[in-house]
Amino acid sequence: MLPHRPDPIVAITTAPGRGAVGIVRASGADLSSLVAALCGRALRPREATYLPFLDAQGQAIDQGLALHFPAPHSFTGEDVLELQAHGGAVVLQMLLARCLQAGQSIGLRMAQPGEFTQRAFLNDKMDLAQAEAVADLIDASTEAAARSALRSLSGDFSAAIHGVRDALIDMRMLIEATLDFPEEEIDILRRADVQGRLAQLRDAIAAIGRNARQGVLLREGIKVVIAGQPNAGKSSLLNALAGAELAIVSPIAGTTRDKIQQTIQIEGVPLHVIDTAGLRESGDEVEQMGVARAWGAIDTADVVLFLHDLTRLPAPGTPPVAGSDQALYLAADARIAADLLARLSPQVPVIDVWNKTDLSSGMQSANTDRSVCLSARTGDGLEHLRQCLLQLAGWNTIPEGVYMARARHVQALHRVDQHVTQAAAEVAARSPALDLVAEELRLAQNALGEITGAFGADDLLGVIFSRFCIGK
């Protein structure tokens, strides 16, 4: 398990800055001396008491609410003392310093990031998936993400994992017991319908995996980069998607010199939309830097919106005149398309967005999942683009049925499915090797246990909790 320092800890648990209320929290094996020093009296368990918080001379630092949660009935499973004071930075720092001073005799120290939640995990107050959901709830950028994180914190995700775990354990018990009767193993496997039970297990894993992938999407969102030639309407499209004037829009080519990023949400899914400088050759050193940054953003995109200006295209059925502005524009578009194809992974979709339909009559019926006609100025066609982005992101589940998950959960579930699939293939063989089946099921259970923390490397757990804020 994680290296656990048993000495008591303390931290300011509210965000920095000025506020109506601020909280200082301490946790440890026995905080009775700290309670007496700060509050001047014992406190009734789990009952808020309004009183002065005392300094070393018995003078009041502030007045507020004190709550004492004796172990094991607390968030961390240890004694917990919470002091709810006025939210000024100076007051909270004075309270923190007083706690450290009064707690010297018991070894009180400052908490490390995530240490309160880490202790809750180590003391079996929550499993690892629930502990991660604490951080996800704090970091949620959309209402759907917050609801899904709360669902995971409440144990919905863990309950689904435990259901699969229990089925795996039952299968392991059956298979390993059958190993003691090799002459009857085929009949036992048939009577117990092992093949059917493994198929049901795979279906359950697949259902959890679908919800987990949706949870990852809610948590992390997707990075959408708007690219194209100057004056194609990239900044106008960013403003239209965001519903606010974030980027300067001008008829002057090259107005956008640096990338502009804004996080928006579509049906609760966060999209990190980046407007970039127009892609063209330029002798302007500043514009060259902007173009280089644009390609840098494209290289890390999950989806690229390749914007085309309909007003600069020839009329349908009319070939462009060689050397004309239209011919040069089409040639530049072709070069950008070739560069995108060469630089991007095949897994990164490119949507051709034909902008300025309000000023052109061409290509009005070209809408597909990879080609959208719209007007960033009027908003016509914008909803179709939003739905295309959701479809490419893989969003297809009602948020109420999704629990928050992380990429490591999806990877673990994928390994579980691989091991169960291999076990099923072995069971279906003419002469099944049940020792191999038992080993595959053991590996599946180990992979599943990584999600809730039943099995996990110390360094993995350390990384997870180190990314929490100090007061958690």
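Visitor: Leaving aside neighbours within four places in sequence, which residues is L237 in contact with?

Guide: This is a predicted model, to begin with. In it, L237 is in contact with I226, L305, L307, L374, A376, L382 and L385.

Visitor: Which residues touch the most other members of the largest nonpolar core?

Guide: That core has 34 residues, and those touching the most other members are L237, L271, L305, I351, L385 and L389. Helix α12, residues 382-393, gives the most to the core, with 5 residues.

Visitor: What lies apart from it?

Guide: Another core, of 33 residues. M171, L189, A438 and A444 are among its members.

Visitor: New topic: sheets. What is the strand order in the open sheet of 6 strands?

Guide: The order is β8-β9-β7-β10-β11-β12, and the pairing is mixed. On average, neighbouring strands are turned by 25° against each other, direction ignored.

Visitor: In which sense do β7 and β9 pair?

Guide: Parallel, over 5 bridges. β7 covers residues 222-228 and β9 covers residues 269-275. V225 stands opposite I274 in β9.

Visitor: Which strands does α8 touch?

Guide: Helix α8 (residues 194-220) packs on the sheet and touches β7 and β9. Its direction makes about 50° with that of β9.

Visitor: And what does helix α11 lie across?

Guide: Helix α11, residues 325-343, lies across β7, β10 (303-309) and β11 (350-355). It runs at about 175° to β10.

Visitor: Back to α8. Are α6 and α8 roughly parallel or antiparallel to each other, and why?

Guide: Their axes cross at roughly 160° and come within 11 Å. Angles over 145 degrees count as roughly antiparallel, so α6 and α8 are roughly antiparallel to each other. The crossing of α6 past α8 is left-handed.

Visitor: Which residues make the contact?

Guide: From α6, they include F157, A160, I161, V164 and M171. From α8, they include V194, R197, L198, L201 and I208.

Visitor: One last spot. What do β3 and β4 form?

Guide: A hairpin, with 5 residues between the two strands. β3 (residues 49-54) and β4 (residues 60-69) pair in the antiparallel sense over 6 bridges. The bridge partner of L54 in β4 is A60.

Visitor: Which residue in the turn has a positive phi?

Guide: G58, with a phi of about 85°.

Definitions and conventions. Residues numbered from 1 in each chain as written. Predicted model: local features only at pLDDT ≥ 70, side-chain atom pairs only at ≥ 80, totals over all residues. Heavy atoms only, no water. Core = buried A, V, L, I, M, F, W, Y, C linked by side-chain atoms within 4.5 Å. Buried < 20%, exposed > 50% of the residue type's maximum accessible area, 1.4 Å probe, protein only. Helix = DSSP H or I, 4+ residues; strand = E, 2+ residues; numbered from the N terminus. Contact = heavy atoms within 4.5 Å. Pairing = 2+ DSSP bridges. Axes fitted to C-alpha atoms, helices over the stretch in contact; angles between N-to-C directions. Parallel < 35°, antiparallel > 145°, perpendicular 65-115°, else oblique. Left-handed = near helix turned anticlockwise from the far one by under 90°.
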